[in-house]
Amino acid sequence: MIDLSQASFIGPQLSDPRTPAELPPDLRNLLRSANGFVLFGGGLHVRGWCETPEWHSLHRVWTGEDSLARAYPFVRPDDVPFAEDFLGDQFLLRGGKVARLAGELGEVEKLGMGLNEFLDSAQANPDQFLSLNLLRRFQRQGATLEPGQLLSVYPPLCTKEAAAGVSLRAVPASERIRFLADWARQISAVPDGAKVQVTCEDDVKTSR
């Protein structure tokens with residue numbers, strides 16, 4: 001059982017314990033004991049079955065207006081986006097196993113572990129398992145990632161320019177997720193090595 005003693009947020013009590021039958025049994029059991037949470041200073045957010053707060057709602061990003069399956073071509077409607085990391089990369093339950101959606105690229109990688117193994121691994125060594133180096137840098141600057149916020153990284157980590165350094169700021173989770181989905185959509189047809197011009201965080205232009 002995951003230790004929630006250091007959680008910065010625990011979701012509200014289930015208003016309706018009859019969670020959807022489509023929820024995998026392990027996730028259903030987890031949400032009945034703790035309806036989602038934020039751990040590791042914002043490093044991991046496990047969503048809950050609730051309407052509010054909106055940023056915590058599993059329904060909203062699964063089948064609701066911010067559905068990840070509609071935003072990303074490689075996310076299936078039956079993928080359950082149960083969690084996210086501090087950057088907005090998403091963790092999906094696909095056929096009972098965890099997969100990771102890279103937000104910037106839109107690619108899905110199977111992690112080969114179930115929900116409980118995933119949570120155990122995250123708790124055993126969060127900094128390594130969740131690659132929290134940028135979050136720790138942000139915290140060393142005296143900043144805090146509040147529940148409902150994700151870390152915006154500029155320029156995007158998939159760009160060559162990011163190797164020279166990135167700026168970090170906390171933004172609302174919905175803003176970060178929408179930016180990532182739009183970025184992934186716009187660069188999906190860009191060949192490796194091509195140049196892109198980002199004039200602002202929601203305007204990407206491609207040059208060859």
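At what angle do helix H1 (residues 25-33) and helix H4 (residues 115-124) pack, and how far apart are their axes? The structure examined here is a predicted model, in which local features need pLDDT of at least 70 and side-chain atom pairs count only at pLDDT 80 or more, whereas totals for chains, interfaces and linings use all residues. Residues are numbered from 1 along each chain as its sequence is written, and side-chain values use heavy atoms, with hydrogens and water left out.

Helices H1 and H4 pack at an angle of about 55°, and their axes are 9 Å apart; axes are lines fitted to C-alpha atoms, for helices over the stretch in contact, and angles run from 0 to 180 degrees between N-to-C directions. Helices (H or I, at least four residues) and strands (E, at least two) are DSSP runs, numbered from the N terminus. H1 and H4 are therefore oblique to each other, since angles under 35 degrees count as roughly parallel, over 145 as roughly antiparallel, 65 to 115 as roughly perpendicular and the rest as oblique. Asp 26, Leu 27 and Leu 30 of H1 make the contact with Leu 115, Asn 116 and Leu 119 of H4, where contact means heavy atoms within 4.5 Å.

A pair of aromatic rings is described by the distance of the centres and the angle of the planes. Rings of Phe, Tyr and Trp (its six-membered ring) pair if their centres lie within 6.5 Å, and planes under 30 degrees apart count as stacked, over 60 as edge-to-face and the rest as tilted. By this rule there are 6 aromatic pairs. The rings of Trp 49 and Trp 62 have centres 6.4 Å apart and planes at 75°, so this pair is edge-to-face. Both Trp 49 and Trp 62 are buried, a term that means under 20% relative accessible area, with exposed over 50% and partly exposed in between (1.4 Å probe, protein chains only). For Phe 91 and Phe 118, the ring centres are 4.8 Å apart and the planes at 55°, so the pair is tilted. Phe 91 lies in strand S5 (residues 90-94) and Phe 118 in helix H4, so the pair ties together parts that are 27 residues apart in sequence. Phe 91 is buried, with a relative accessible area of 4%, and Phe 118 is buried at 0%. Ring pairs link Phe 82, Phe 91, Phe 118 and Phe 129 into a cluster.
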